[in-house]
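Me: I'd like to learn how to read a few features in a structure. Could we begin with charged side chains and take it from there?

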Amino acid sequence: MPGERLTQQDRERIAAGLAGGLSYGEIARRLDRPTSTITREIARNGGPAEYRPQQAHQATVQRARRGTPTPPSEDAPPAGVMAEELLEMAVSAGTPKMAARIHLDLVLSEDGRRTAAELARRLNVSPASVSVAVNFLVQQGFVRRERDPQRRRDIYVVDDDAWYHAIMTSERQTLENARVTMAAAEAYGLDSPVGRRLAKTAAFMEHLSMDIMEVADRWRPLLA
């Protein structure tokens with residue numbers, strides 16, 4: 001139950017969830033616990049890469065017997081909880097999970113810059129997974145790629161106006177969809193039921209995208 005302490009079985013399920021790549025929120029829902037409880041539990045016991053259910057349970061029992069408080073952790077909430085909520089929000093909006101993890105790690109870094117090796121090490125994933133996810137982020141405008149000529153490696157960067165570039169990239173794609181849809185409407189005939197339906201769809205997409213791009217340009221100075 002949500003108000004009870006975690007049991008050994010709960011901690012084993014947390015470890016299994018981490019091994020399976022589940023988010024803190026997904027693990028919390030499966031255990032019927034608050035996300036903050038799961039975040040604190042993992043943070044105080046070595047983090048996602050070092051979490052061991054038996055050692056975590058023993059440490060909790062020993063602390064309870066001694067009456068000592070939980071040791072502080074730099075990953076403890078609220079920062080950990082907020083990061084997890086941001087990750088879940090991005091995934092719910094349609095961003096692939098690995099891409100969302102990498103984007104969040106870049107956004108929360110001090111200078112918004114990481115190499116592929118740094119991302120792989122920090123997130124405990126393969127270089128291939130990083131490559132696929134970063135390519136997606138670059139294509140969507142969330143991240144840009146810089147080349148380090150001295151070390152012959154790529155550096156991935158999140159700029160202050162990354163959201164502007166992402167929005168413009170998305171709307172240009174929508175405008176292209178509108179163009180293709182209108183071409184299909186003309187092919188079916190603008191006087192036919194299908195042609196009229198497609199033409200209305202194309203017009204809606206075009207006008208909406210143009211308005212969004214205009215608004216993005218208007219408010220871009222806020223990111224300067």
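Reply: A salt bridge is a side-chain nitrogen of Lys or Arg within 4 Å of a carboxyl oxygen of Asp or Glu. Side chains of opposite charge can pair when their charged atoms come close. A search of the whole structure finds 14 salt bridges. Keep in mind that this is a predicted model, where local features need pLDDT of at least 70 and side-chain atom pairs count only at pLDDT 80 or more, while totals for chains, interfaces and linings use all residues. Residues are numbered from 1 along each chain as its sequence is written, and side-chain values use heavy atoms, with hydrogens and water left out.

Me: Which residue forms a salt bridge with Asp105?

Reply: Arg122 does, with the closest N and O atoms 2.9 Å apart. This pair links distant parts of the chain, as Asp105 sits in helix α7 and Arg122 in helix α8 (residues 116-123), 17 residues apart. Helices here are DSSP runs of H or I with at least four residues, strands are runs of E with at least two, and both are numbered from the N terminus.

Me: Is Asp105 buried or exposed?

Reply: Buried means under 20% relative accessible area, exposed over 50%, and partly exposed in between, using a 1.4 Å probe and protein chains only. Asp105 counts as buried because its relative accessible area is 10%, whereas Arg122, at 48%, is partly exposed.

Me: What about Arg144 and Asp159?

Reply: Their side chains meet in a salt bridge at 2.5 Å, N to O. Arg144 is in strand β2 (residues 144-148) and Asp159 in the loop between β3 (153-157) and α10, 15 residues apart. Arg144 has 34% relative accessibility, so it counts as partly exposed; Asp159 is partly exposed too, at 25%.

Me: How far apart are the closest N and O atoms of Arg145 and Asp154?

Reply: They are 3.6 Å apart, and the two residues form a salt bridge. Arg145 is partly exposed because its relative accessibility is 37%, and Asp154 is partly exposed at 23%. Salt bridges that share partners also join Arg113, Arg144, Glu146 and Asp159 into one network.

Me: How many helices and strands does the protein chain have?

Reply: There are 11 helices and 3 strands. From the N terminus on, the order is α-α-α-α-α-α-α-β-α-α-β-β-α-α. Of the chain's 224 residues, 35% count as buried.
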